[in-house]
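User: Please take me through the geometric terms used for this model, and say in each case how the value stands against the definition.

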Amino acid sequence: MDFILAGFANAVDPQVLILIIAGIAAGIIIGSLPGLTATMGVALFLPITFGMSSVNGILLLIGVYFGSIYGGSISATLLNTPGTPASAATAMDAYPLTQQGQAGKALGIAAIASGVGGLVSVLMLMLISPQLADVALKFSAPESFALALFGLSIIASISGKSVLKGLIAGVVGLFIATVGMDPMTSYPRFTYDQLSLLNGVSFIPVMIGLFAVSEALSTMADLMSQHQTKIKKVVTSYVLPKWQEIKRLWITMIRSSFIGTFIGSIPGAGADIAAFVSYNESKRFSKEKEKASFGKGNPKGIAAAEAANNGVTGGSMIPLLTLGIPGDAVAAVLLGALVIQGLQPGPQLFTNNGELVYTLFAGMFIANLCMVIFALLGIRYFTKILRVPKTVMVPLILVLSVVGAYAINNNFFDVYVMLFAGIIGFFMKKYGFPASPLVLALILGPMLESEMRRALVMSEGSYEIFVTRPISATLIAFAVLSIIVPFLLKAYKSLKGVQNTHDG
């Protein structure tokens, strides 16, 4: 208890608060720019912390981390351009709300859900981090494969009107994911002697192309044909969602926060996976009539995705602080920051530096509160982006997309990938093929393949390893249910409808 009180006393120091707020502001800006991920933002600020104290330096980076994850939802909501991979799921319902003239409401829900996800994950980190870390340690290759398979089973739920078109997009994404070096033998596959393809096709340029560039091309086509669809006037005043609307989202936000925290605590699983899994679970738990509104501006879709991807922020710190194992790429950068500050993450960190650990916990708690306040106050300014004329906005989106794609690896090849994906995305949109399944498959494909092959090496070629281990068997069962239950329900409804017709 003494450590907790001392931690909060240290975290409310004015200098610490200023650094947290500065980190959040910088993170929101970084996250809202396509291609500039949370990992990149934290890495850019790492050198600034070298001359700071341990607490000040780490909390500045945590502020950037938290702000970046939320910041991605701003461009996803307003421009259908996910700033970070974690907000690709958010765009599916947030952008339709913007098109309905409710950008302020969408941003408000995203801000509140982000805060709830972050706060729940920090509380979990403080209360049960050792127990969650033990569960995460049980994840080996079979469990990681099962998690990736469960993630891919979501494709049926995010395919929109046509499940077949969604599955086709998913298969294309899986095929693209096979490009590059074989994960086990390092043999080049589908590289056609292009050195830039040896590391595979980066999903971030593809995501920018499919969402941002395709949207810009669609807008250009509308402007040129002079048949641009008129969008309702967007509310640009300071608008918060009504209390009744937030009340209806609490269960979704809490459930998604736990999902995000758990997935974040699994090394290798990131915020993008958590957001899509949580989005699917939110749809599954919704009433039958409500399920059809997902992808058309359902607030639960926004709340689920944002609570989950912000829940990952605390979840990824669980294995980092308790075991010294980073949960994701950002946590790996934070691991480096801790080591630079002379701290060695692991069980001894809690014993030898208890006050510092709880200061970090308190700082993370305060950072989430500050982020929500900052986000809600900024809505009136964020929504003004929509007042910019389309003739100015389209070139601006294209420039930011090019800069974002190039900044990933400082390689023009990624820019070409982005532009090609943009053209493909334009035609996908025109013919009703959803982009989200392709992005999800591209993200999960490498994990699915490499973990399956590692598991088979562990079992000497026996597939029994996937069903004899409790966690992997459970996840595979969930994946199978996720695929077949919607079809069974549809068949049941059809049968019931036929019976009612005969009875009538």
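Analyst: Ala, Val, Leu, Ile, Met, Phe, Trp, Tyr, Cys and Pro count as nonpolar, Asp, Glu, Lys and Arg as charged, and the others, Gly among them, as polar. With these classes, the lining of the second largest pocket has 26 nonpolar, 14 polar and 6 charged residues. The model is a predicted one, in which local features need pLDDT of at least 70 and side-chain atom pairs count only at pLDDT 80 or more, while totals for chains, interfaces and linings use all residues. Residues are numbered from 1 along each chain as its sequence is written, and side-chain values use heavy atoms, with hydrogens and water left out.

User: What makes a residue part of the lining of the second largest pocket, and which residues lie nearest its centre?

Analyst: On a 1 Å grid over the protein atoms alone, a pocket is an open set of points with protein on both sides within 12 Å along at least five of seven lines, and lining residues have an atom within 4 Å of a point. The second largest pocket is lined by 46 residues, and S202, F203, I204, D272 and I443 lie nearest its centre. Helix α21 (residues 436–458) gives the largest share of this lining, 7 residues; helices here are DSSP runs of H or I with at least four residues, numbered from the N terminus.

User: Why are α19 and α20 called oblique?

Analyst: The axes, which are lines fitted to C-alpha atoms over the stretch in contact, with angles from 0 to 180 degrees between N-to-C directions, cross at roughly 135° for helix α19 (residues 390–409) and helix α20 (residues 412–430) and come within 7 Å. Angles under 35 degrees count as roughly parallel, over 145 as roughly antiparallel, 65 to 115 as roughly perpendicular and the rest as oblique, and α19 and α20 are therefore oblique to each other.

User: What makes α3 roughly antiparallel to α4?

Analyst: Helix α3 (residues 38–45) and helix α4 (residues 54–79) pack at an angle of about 155°, with their axes 9 Å apart, and that makes the pair roughly antiparallel. Their contact, meaning heavy atoms within 4.5 Å, is made by A38, G41, V42 and F45 of α3 and L60, L61, V64, Y65, S68 and I69 of α4. By class, this contact has 8 nonpolar, 2 polar and no charged residues.

User: How do the residues of the contact of α11 with α12 divide by class?

Analyst: Helix α11 (residues 250–264) and helix α12 (residues 271–285) pack at an angle of about 145°, with their axes 9 Å apart, and the residues of their contact divide into 5 nonpolar, 5 polar and 2 charged.

Terms used: Helices (H or I, at least four residues) and strands (E, at least two) are DSSP runs, numbered from the N terminus. On a 1 Å grid over the protein atoms alone, a cavity is a set of points where a 1.4 Å probe fits but cannot get out, and a pocket is an open set with protein on both sides within 12 Å along at least five of seven lines; lining residues have an atom within 4 Å of a point.
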